[in-house]
Amino acid sequence: MIEELALEQAVGQHHALGTTITLQIFGTKKTNIIDKSFDLIDYYEDLLTVNRDKSEVMSINHAAGKTAVQVSSATYDLVKLAVNESRQNYGFNALIGPLVKLWAIGFKNAHVPTKEQITQKKQLINPFNVNLNDTDQTVFLQQPGMEIDLGGIAKGWIADRIRDYWRAFGVHAGIINLGGNILLVGQSPKRANGQWVVGVQDPKAARGKNITSEMVPECSAVTSGTYERYLEVDGHKYHHLIDPRTGYPVETDLAGVTTFTKTSVQAEIECKRLFFAQHPIDKWHDDPSRIGAIFVYNDGHLERDNF
């Protein structure tokens, strides 16, 4: 009877954060928690988006070079995390917006910019030119034209907040899927060992076709890849993952990397770290919250780290 109850499920879909979100809770057919979760996601999107003219993050960007902007605790904490990660210079950079817009890969005006244009935009992406004031919760971008874009980290952070919300209601098991950013909550009710099965996308196949899969405990799975958005010019493919250190898309034989970590925001961060490294990193898994990673290369071969 307990097993049958656990396999009952409530499922809901919602469009936000530029993607289709699917939430699934086991052990109930009532959707009230899911509906309230969608409200929470919308609330965070209103704070953090750069795809509208008004948000707390856009207030920071509009005031670049002029004044510091006070923001809510949620926005400040995520901006601070993103800026501190950017300062480590492993590839992730929350200030890279001006360069991304210059290339515009994935949009109709995508093009290969000149070396001079890239050099000019690189002057606007230095994360050390951001002033963070913990006391006042203010953020100041020192130069006009600078921008913060939390797109590379916000989904993971929001997924973690949804899990916090579910736990407050006593949810034992569920799946948070923010457009491919997966957070598995609790133990799987479908297997005696409580493990979940997560598939890894085949870069050369239609979306949803997996090249491999992995059985994992409660964790988050996030993928960074070169195969969905790219620009092809004179036979050369330029994917959308731009290296802030060079201003150009990363030259790599890696098609994608999927990371499995305890929290979703960490999966976002570690995914970027390993993608830019292009291969497993020595001692990466010394941190027990880093469960493992799967690297998929353009020639089809795989590398597993810590599995």
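**Entry 1: the cores.** I looked up the largest nonpolar core, which has 61 residues, and found that Ile41, Leu48, Ile148, Leu150, Ile158, Trp166 and Ile176 touch the most other members. I record here that the model is predicted.

**Entry 2: isoleucine 148.** I listed the contacts of isoleucine 148, leaving aside its neighbours within four places in sequence. The partners are Val50, Val57, Ile60, Asn61, Val79, Ala94, Leu95, Val139 and Leu141. Isoleucine 148 is also one of the residues that touch the most other members of the largest core.

**Entry 3: the sheet.** I traced an open sheet of 8 strands with antiparallel pairing, in the order β1-β2-β6-β7-β10-β13-β14-β15. Its edge strands, β1 (9-16) and β15 (302-305), each pair on one side only. I noted that neighbouring strands of the sheet are turned by 10 degrees against each other on average, direction ignored.

**Entry 4: β7 and β10.** I examined how strand β7 (residues 181-186) meets strand β10 (residues 220-225), and found antiparallel pairing over 2 bridges. Which residue of β10 stands opposite isoleucine 182? I found alanine 221 there.

**Entry 5: helix α8.** I looked up what helix α8 (residues 264-277) lies across, and recorded β7, β10, β13 (254-261) and β14 (290-297). Helix α8 runs at about 145 degrees to β13.

Terms used
Residues numbered from 1 in each chain as written. Predicted model: local features only at pLDDT ≥ 70, side-chain atom pairs only at ≥ 80, totals over all residues. Heavy atoms only, no water. Core = buried A, V, L, I, M, F, W, Y, C linked by side-chain atoms within 4.5 Å. Buried < 20%, exposed > 50% of the residue type's maximum accessible area, 1.4 Å probe, protein only. Contact = heavy atoms within 4.5 Å. Pairing = 2+ DSSP bridges. Helix = DSSP H or I, 4+ residues; strand = E, 2+ residues; numbered from the N terminus. Axes fitted to C-alpha atoms, helices over the stretch in contact; angles between N-to-C directions.
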